[in-house]
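Look at the strands and the loops that join them.

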Amino acid sequence: MKTFLLQFFTWWNSQTLGTRFHTWRFGKKVGEDEAGNVYYEGGIDSEGRTRRWVIYRDYSEASKIPPGWHGWIHHRVDTPPPSESYKAREWQKPHRPNLTGTPGAYRPQGSILTNQHRPQVTGDYDAWTPGS
């Protein structure tokens with residue numbers, strides 16, 4: 001019952017009822033990643049390509065898609081990672097959650113959200129004023 005209510009009233013918890021119905025009707029499971037997200041394809045989009053989508057295990061956050069699956073879901077590669085011997089490149093980093101709005105968010109030097117002081121301005125520019 002809880003799952004039904006979450007799918008009925010929220011879009012950020014895994015999938016909605018509409019997505020569940022669409023997946024049941026048109027979706028063909030392609031694979032699953034190490035985080036438990038499940039990837040599907042089926043039907044044709046407006047550009048004539050096969051539709052591809054993901055159903056997240058937890059909260060819907062696009063940054064949770066690993067690099068190999070990202071290329072597949074955006075039609076950059078035709079074969080999904082389980083179908084080939086995919087190996088992440090050395091420059092590809094593992095997933096880190098989006099920390100915006102949390103204490104771990106990036107706050108540059110001089111931000112009003114840090115306890116650091118703003119760096120001194122050198123005076124190397126003149127501020128624009130209207131009419132000058």
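Ile44 has Thr50 in S3 as its bridge partner. This pair belongs to a predicted model. Strand S2 covers 38–44 and strand S3 covers 50–55. The two strands run antiparallel and are paired over five bridges. Together S2 and S3 make a hairpin, with five residues between them. In that turn, Gly48 has a positive phi of about 85°.

S2 also pairs with S1. Strand S1 spans 28–32. Four bridges join S1 to S2, again in the antiparallel sense. Glu32 stands opposite Val38 in S2. S1 and S2 form a hairpin too, and five residues lie between these strands. Here Gly36 takes a positive phi, near 95°.

Is S2 enclosed or open? Five of its seven residues are buried, so S2 is largely enclosed by the rest of the structure.

Now turn to the loops. Asp45 sits in the loop between S2 and S3. Is Asp45 buried or exposed? Its relative accessibility is 17%, and buried means under 20%, so Asp45 counts as buried. The Asp45 side chain reaches the backbone nitrogen of Glu47 at 3.1 Å.

Asn37 lies in the other loop, between S1 and S2. Asn37 has a relative accessible area of 2%, so it is buried. A polar atom of the Asn37 side chain lies 3.0 Å from the backbone nitrogen of Arg57. Which residues does Asn37 contact, leaving aside neighbours within four places in sequence? They are Gly31, Glu32, Val54, Ile55, Tyr56, Arg57 and Lys64.

One more residue deserves a look. His75 is placed in the segment after helix H3, which covers 67–73. The phi of His75 is near 60°, a positive value in a residue other than glycine. Is His75 buried or partly exposed? With a relative accessible area of 23%, His75 is partly exposed.

The table sets out the accessibility values.

| Residue | Relative accessible area | Class |
|---|---|---|
| Asn37 | 2% | buried |
| Asp45 | 17% | buried |
| His75 | 23% | partly exposed |

S2 pairs with S1 and with S3. Then find Asn37 in the loop between S1 and S2, and Asp45 in the loop between S2 and S3.

Technical notes. Residues are numbered from 1 along each chain as its sequence is written. This is a predicted model: local features need pLDDT of at least 70, side-chain atom pairs count only at pLDDT 80 or more; totals for chains, interfaces and linings use all residues. Side-chain values use heavy atoms; hydrogens and water are left out. Buried means under 20% relative accessible area, exposed over 50%, partly exposed in between (1.4 Å probe, protein chains only). A polar contact is a pair of N or O atoms within 3.5 Å; within protein, one must be able to donate a hydrogen and the other to accept it, and residues adjacent in sequence count only if both atoms are side-chain atoms. Contact means heavy atoms within 4.5 Å. Two strands pair if DSSP finds at least two bridges between them.
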